[in-house]
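The following note concerns the strand pairing and the helix packing of the model. Please read each point with the structure at hand.

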Amino acid sequence: MFALFAAWPARPAAAMALPAGVAATATAAPASAKPTQPSLRRNGLLAWLLQQVRDWLHGVAGQWHELERAWPALAAAFGPAANPPGWRLLERVALALAGLFAGGLAAEWLAYRLLAGPRRILLASLDATDAGARGDMPARHAGRLHGLAPALGLVLLDLLPLLAFLFVAGLLLALAGDDEPRVRAMAVAFVVAYAATRVTLAVVGRLLLPTRAARGRAGAILHAWLRWIVALLAFGIALGNALPWLGAAAARIAVLKLVALLAGLAIVALAFRLRPMLAPLIEPPAGAVGAVAALRRWFAAWWALLASLLAIGLWIVLPLGLRDGLATLLRFAAATGLVLVAARLVATLLLGLAAHALCGSGQGTPDDPSRGRRRYLLVRRLLLAVVALATLPLLLQAWGVDAIGWLARNPVGRGLVHAVATIAVTLFAAILAWEAAVRALERRITRWTDQGERLRAARLRTLLPMIRTALTVVVVLTVGLTGLGELGVNTASLIASAGIVGIAVGFGSQKLVQDFVTGLFLLLENTMQVGDSVTVASVSGTVEDLSVRTVRLRGGDGSLYTVPFSAVTTVNNQNRGQGNAGISVDIAADADINAALDALREIGHSIRQDPAYAPATLGDVEVWGVNAMDGSRITLLGQIRCTDAGRWGVQREMNRRIVRRFRELGIALADPNRRSVRLIGSADDAHATTERKGAP
């Protein structure tokens, strides 16, 4: 295939000198030749892409031919009876490496054994924090913050044995007395390769990849394959760089490109190995619909193929197409790894601190346990956006693009940095002020509740949603206007236009303004609060919610009433600390009034002494006497002062005991169906008759 592409004629030098948008598809035709109509428009995007692909294929084909020419040189250098000095030098290098690695690995193993105790403690601490952080998102990020110190400690414990290895290896190399510089250089190259492998695995494995308790089978496979891929690259590069000293300089590029090819194939194999394990994590929840869910399902099915194509493009094509492509790619990979590790550490620190500040020990606020987590999700998005914006220029710088220089020297870059920094500082200050104000109000509510001032606490708790809404509006307006100003928008005219629109809306929505103003004063005066039994606008029920302009009541039959504050002229609140259990008894006209009044006082005293009803009563029974009378009944009135929550139970119990006691004493209650009529004749024959209502 590469031979076929190599046979394809390359574009001439004159065509290569044309601008990038010009695609020279053929050399100049002879004057006698008849011009043909081109199939693609010159200077078009498709023609340029096809030309770039053809140039790339020519370059890869040329490098493939270079590989084919390098293998015979490598075979000639290390074939039987070929290059005896090289073989003797190779033997000396092998013996030196055997001695260095034997002594260094022994020292490393000894240091590892001496540090086994602290390692077990740090591993147990890391596993404990990871196991305790398997709840919601704030708990996970707070756990990662707690696990950051053990992870850094484990990195240090992984590097201390390596220092022992390097110390012993360097000491042995100095004591060996071998004056051959090539032997020492090759030995140092392989020692450095081993050290680079260990450092990479320690830093990336501990700080970038999942922890041991959270990695599972997929994480274990990823760690194992990463170990072999890093070792292959490190020792392969060391071997390729050692070939010129062994007399096989022509084979150096071939070995390096072979190493790159093997590493790329290993990455492809790893992607397909992890495909069935990571696909369930990428797929959306069952039943999810929408464009995002469809995109996640597609990516779960094809991510391994996309990763393989990326690996082929980076680890196979680039090293094959460039002479020093592998070294360039490794520099990019190392710089990218360092940037990602630093970004992960910063993100872990910021998200952990935010989780502690907003959610505390994982409990929300007393009035809304989930509100702290909702605030954390907002702050989390902002922090991740800031970390991503700071990481992107560093990644571009690591990939060879002078992004930091452009941001520092270019006027557009400086303006962009200034705008982003100003918006970020304003947003941070606004959120901090909002959070401080809300926290101060919540602490005030808690303090008043602990001190027994429940009415003041309830009033402030009722006003808290409105205060939060007002603060949110102020924060959004401040940040929005600041951001628009930094982007070059004239905010003065915008504010003036908004003021005019606000006045027009105010005149057109007087009822809405009346709702807001009336509701604000009702809340400030603590006329009602959530949980009160009230009657407003001829509607009775229990207050379920108070918003800026409405009150929602739950009626006795379960119906939900929404009453705008503009319709509220009178509020009858039955929950303000006191309620009176009324006594109204109609007795027959011929009943003993004094006995009935004494019975009422006796019943009230018994309720006052009853442990079941005594906490609900605030005083003794008050019997006021005869309130009304007619020919058939006499009405007796009285009351017992009770708590607002206990008066209904006391009143029902009072009625029950009145009925029972009056029956015991023979005091007849009035019959509403009987009336007394007195017929008056002469003084001697005056008599009274009693009739039933409705009698003829």
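1. Strand 6 and strand 8 (residues 633–642) are paired antiparallel through 10 bridges; two strands count as paired if DSSP finds at least two bridges between them. Strands (E, at least two residues) and helices (H or I, at least four) are DSSP runs, numbered from the N terminus. Within this pairing, Gly582 has Gln639 of strand 8 as its bridge partner.

2. The model is predicted: local features require pLDDT of at least 70 and side-chain atom pairs pLDDT 80 or more, while totals for chains, interfaces and linings use all residues. Residues are numbered from 1 along each chain as its sequence is written, and side-chain values rest on heavy atoms, without hydrogens and water.

3. An open, antiparallel sheet of 3 strands has the order 6-8-7. Its edges are strand 6 (579–588) and strand 7 (622–629), each pairing on one side only. From one strand to the next, the twist averages 25°.

4. Helix 18 (residues 593–609) lies across strand 6, strand 7 and strand 8, at about 20° to strand 8. Helix 19 (residues 647–665) packs on the sheet and touches strand 6 and strand 8, contact being heavy atoms within 4.5 Å. The direction of helix 19 makes about 20° with that of strand 6. Axes are lines fitted to C-alpha atoms, for helices over the stretch in contact, with angles from 0 to 180 degrees between N-to-C directions.

5. Strand 1 (residues 533–536) and strand 2 (residues 539–546) are antiparallel, with 4 bridges. They form a hairpin with 2 residues between them, and Ala537 in the turn has a positive phi of about 50°. Val536 stands opposite Val539 of strand 2.
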